[in-house]
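Visitor: Could you walk me through this structure, starting with the overall layout and then going helix by helix?
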Amino acid sequence: DNGVAERLAALEQCLGRLDEADRSLILARYEGADLEQLAAARGRTANALYQSLFRIRRLLRDCVQRQIADGGES
């Protein structure tokens, strides 16, 4: 489906715009890393990490929506 391919391409571009810490966090989580273990490894609480993940997901969602609305231009 072309819509899925377009969204994936936009997501890839948007992931590339994240800073390294945010990108590594979101990728680790989606690769199945445990939230508690990620938090411990980063010296943060699970709740703080959860809030960061929420913020990153929102940034990615907004970026993907902009990319698609702009035809992949931005």
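This is a predicted model: local features need pLDDT of at least 70, side-chain atom pairs count only at pLDDT 80 or more; totals for chains, interfaces and linings use all residues.

Visitor: OK, how many helices and strands does the protein have?
Guide: The secondary structure comes to four helices and zero strands, where helices (H or I, at least four residues) and strands (E, at least two) are DSSP runs numbered from the N terminus. In order from the N terminus, the elements run α-α-α-α.

Visitor: And what does the C-alpha trace span?
Guide: Along its principal axes the C-alpha trace spans about 40 × 20 × 15 Å. Of the 74 residues in the protein, 27% are buried; buried means under 20% relative accessible area, exposed means over 50%, and partly exposed lies in between, with a 1.4 Å probe and protein chains only.

Visitor: What share of the contacts joins residues at least 24 apart?
Guide: Among contacts between residues at least 6 apart in sequence, 57% join residues at least 24 apart, with contact meaning heavy atoms within 4.5 Å.

Visitor: Let's go to α3, then. How do its axis and that of α4 cross?
Guide: The axes of α3 (residues 35–42) and α4 (residues 46–69) come within 8 Å and cross at roughly 100°. Axes here are lines fitted to C-alpha atoms, for helices over the stretch in contact, and angles run from 0 to 180 degrees between N-to-C directions. The two helices, α3 and α4, are therefore roughly perpendicular to each other, a label that covers angles of 65 to 115 degrees, whereas angles under 35 count as roughly parallel, over 145 as roughly antiparallel and the rest as oblique.

Visitor: Which residues meet there?
Guide: From α3, L35, E36, L38, A39 and R42 meet A46, L49, Y50 and L53 of α4. The residues of that contact divide into seven nonpolar, no polar and two charged, with Ala, Val, Leu, Ile, Met, Phe, Trp, Tyr, Cys and Pro counted as nonpolar, Asp, Glu, Lys and Arg as charged, and the others, Gly among them, as polar.

Visitor: Which residues of α3 are buried?
Guide: They are L35, L38 and A39. Seen down the axis of α3, these buried residues fall within an arc of 100°, so they line one face of the helix; the arc is that of the directions from the helix axis to the C-beta atoms. On the other side of α3, E36, Q37, A40 and A41 are exposed, and what covers the buried residues of α3 includes α2 (20–30) and α4.

Visitor: What about the ends of α3?
Guide: At its start, a side-chain oxygen of D34 reaches to within 3.1 Å of the backbone nitrogen of E36, and α3 is followed by G43, whose phi is positive, near 65°.

Visitor: Switching to α2, how does its axis cross that of α4?
Guide: The axes of α2 and α4 come within 10 Å and cross at roughly 100°. That makes α2 roughly perpendicular to α4. In this contact, D22, L25, I26, R29 and Y30 of α2 meet L49, S52, L53, R55, I56, R57 and L60 of α4, and the residues divide into seven nonpolar, one polar and four charged.

Visitor: Which side of α2 is buried?
Guide: The buried residues of α2 are D22, L25, I26 and A28. They cover an arc of only 160° around the axis, which puts them on the same side of α2. The face turned away from that buried side carries the exposed residues E20 and Y30, while the cover over the buried residues of α2 includes α1 (2–17), α3 and α4.

Visitor: Tell me about D22: what is its relative accessible area, and what is it in contact with?
Guide: D22 is buried, with a relative accessible area of 11%. Leaving aside neighbours within four places in sequence, D22 is in contact with R55 and I56.

Visitor: And I56, buried or exposed?
Guide: I56, in helix α4, counts as buried at 0% relative accessibility. Not counting residues up to four places away in sequence, I56 touches L18, D22, L25 and I26.

Conventions. Residues are numbered from 1 along each chain as its sequence is written. Side-chain values use heavy atoms; hydrogens and water are left out. A polar contact is a pair of N or O atoms within 3.5 Å; within protein, one must be able to donate a hydrogen and the other to accept it, and residues adjacent in sequence count only if both atoms are side-chain atoms.
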